[in-house]
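Take a walk through this model with the structure open beside you.

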Amino acid sequence: AEDWDRADGKKPNIIANALSGKPVADWYPGDTWAKAYEMMSCLDGLLELYRVTGTEKYFAAVRAMYDLLVKYELNPLFSVSFNDQFSNAARQINGITEPCDVIHWMRVCYELFTLTGECKYMDSFELAYYNAFLAGSFKDGRWGARGVRSHGRHLVEHQLRLKYSHCCVNNMPRGYMNRAQAAVMNGGEGLYINLFDEFDAVIACPGGQDSVSIRGTYTRDCRAVITVDHRSQRAETLLVRVPAWSEKSEIRVNGETFAPAAGDWFKATLAPNSVNLIEIAYDNTPRVHPFPWPTPRLPEDAWKCVRFCSRSETGLGNMNYEDMIFEPRCTLTMGPILLCRSKLIGNTESEMFDAPSVFGQDCALTLEDETTLGHQCVFKATLTTPAGALETRVCDFASGTNVISADDARLFSIWF
């Protein structure tokens, strides 16, 4: 680890460079040196070493790296990197991320959360899990993506010509395990409820145990009902994460209503040997997000174009340069869920790829629930601009895209 804090600056010098505040892609010349998931695995190791040694600069470097990655590498899919390279991915409207990148980003966020208890790390974990991670885990359970894209189709490969092996797919169980570890935790201050889709947990607490049941329709309307059966002679503090995106929140505890602040913990006391009902209503206002960076046209042989389209001879899911985007557009979200259009819910190619963008217009968005089996959420969306109203169907990015699309390179799009 000390070799990553060198006076001569020899690559990668992770500790010194992270603490410098310089974007990762600019540490050294070239597009391809900064491999994302390998570097994040090193961050994971630095945190483990910090736990053993207490060396503060290891911890400080990883916290600084988190901030750098959120600022410069957070891609439109709520993962980090551009196809496993730190190359200022936040500026790339043609988003592509490896599931390996998503999983290791989740791991870094999880470990930082366990060391700090800060909500922002679990906010990032949630956004990565519900969107980029689940989009790469195919719905039939048989395989997964090598590259999760913002539009078109996902990239699928078999590594080293092995029919049943690829590092991205091999790593996916780690993502699911991290999600299970993160949902409900008992820390130094009390019982933490971090994630809100359906989950059951039995977890030790001082003097006994807590049985937690989470139900509701969180990924459809940001609502959840939590039952905590606290079996201990001691009172315990309950801490419920209030995401930073939830600008207006309501939490009811055993019938009493509270309005907690966004991006912080809501705290309540669990009485000894008590059964407690917690009802969560977070802000489900649909939002329009204009892409904030310039989108200049790149030549077809530019590294980022080649990297997005892929020229794999062994995989499925190569893309055409003509299907890349070089004009500003918008994404839509509802709570932590990135929305998309997809042929899997009946959208047409024309409305996904040929319709005028709402970018640059005063655009109001409303959603009407039309959720069907096989999707976390489906809505009739109405986008109203000064030019008129556009109605279209949308669904969550994950279940609108998590299939092998061998014959169709224009299956879905997150762009509006």
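A cavity here is a set of grid points where a 1.4 Å probe fits but cannot get out, and a lining residue has an atom within 4 Å of such a point. Keep in mind that this is a predicted model.

How many cavities of 30 Å³ or more does the count give? The count comes to one. The volume of the largest cavity is about 40 Å³. Its lining is made up of Arg 329, Arg 341, Glu 351, Met 352, Phe 353, Asp 354, Ala 355, Pro 356, Ser 357, Trp 415 and Phe 416. Which helix gives the most to this lining? Helix α9, residues 349-353, does, with three residues. By class, the lining of the largest cavity has six nonpolar residues, one polar residue and four charged residues.

Now the open space. The largest pocket has a volume of about 700 Å³. Its lining counts 25 residues. Leu 74, Asn 75, Phe 78, Leu 127 and His 289 lie nearest the centre of the pocket. Which elements each supply at least two lining residues? They are the helices α3 (56-72) and α5 (119-136), and the strands β14 (286-290) and β15 (330-334). Helix α5 gives the most, with four residues. Sorted by class, the lining of the largest pocket has 15 nonpolar, six polar and four charged residues.

Tyr 58, Phe 59, Ala 61, Val 62, Ala 64, Met 65, Tyr 66, Leu 68 and Leu 69 are buried in α3. An α-helix has 3.6 residues a turn, so residues three or four places apart point the same way. What covers the buried residues of α3? The cover includes α1 (14-20), α2 (36-53), α4 (99-116) and α5.

Helix α6, residues 167-183, can be checked in the same manner. Its 17 residues should span 24 Å at 1.5 Å a residue, and its end C-alpha atoms are 25 Å apart, which agrees. The buried residues of α6 are Cys 167, Cys 168, Val 169, Asn 171, Met 172, Gly 175, Asn 178, Arg 179, Ala 182 and Ala 183. They pack against the helices α2, α4 and α5. They also pack against the strands β4 (184-186), β5 (191-193) and β6 (199-205).

Go back to α3 and move on into the loop between α3 and β1 (96-97), where Ser 79 lies. Is Ser 79 buried or exposed? Ser 79 has 0% relative accessibility, so it counts as buried; the cut-off for buried is under 20%. Leaving out residues up to four places away in sequence, Ser 79 touches Glu 73, Leu 74, Thr 97, Asp 101, Val 102, Trp 105 and Ala 132. With Thr 97 there is also a polar contact of 2.9 Å between the side chains. Ser 79 and Gly 95 are 16 residues apart in sequence, and their C-alpha atoms are 9.6 Å apart in space.

Asn 88 is found in that loop between α3 and β1 too. Its relative accessible area is 17%, so Asn 88 is buried. Not counting residues up to four places away in sequence, Asn 88 touches Pro 23, Ala 25, Asp 26, Tyr 72 and Glu 73.

Finish with the backbone. Most residues other than glycine have a negative phi, and most peptide bonds are trans. Asp 84, in the loop between α3 and β1, has a positive phi of about 70 degrees although it is not a glycine. Asp 84 is buried because its relative accessible area is 0%.

Look now at the segment before α1, which holds Pro 12 and Asn 13. The peptide bond joining Lys 11 and Pro 12 is cis, with omega about 5 degrees. Asn 13 has a positive phi, near 45 degrees, and is a residue other than glycine. At 3% relative accessibility, Asn 13 counts as buried.

Note on methods
Residues numbered from 1 in each chain as written. Predicted model: local features only at pLDDT ≥ 70, side-chain atom pairs only at ≥ 80, totals over all residues. Heavy atoms only, no water. 1 Å grid on protein atoms, 1.4 Å probe; cavity = no way out; pocket = protein on both sides within 12 Å on 5 of 7 lines; lining within 4 Å. Points joined across faces, edges and corners; volume = space filled by probe spheres on them. Nonpolar A, V, L, I, M, F, W, Y, C, P; charged D, E, K, R; others polar. Buried < 20%, exposed > 50% of the residue type's maximum accessible area, 1.4 Å probe, protein only. Contact = heavy atoms within 4.5 Å. Polar contact = N/O pair within 3.5 Å; in protein donor to acceptor, adjacent residues only side chain to side chain. Expected span 1.5 Å × (residues − 1).
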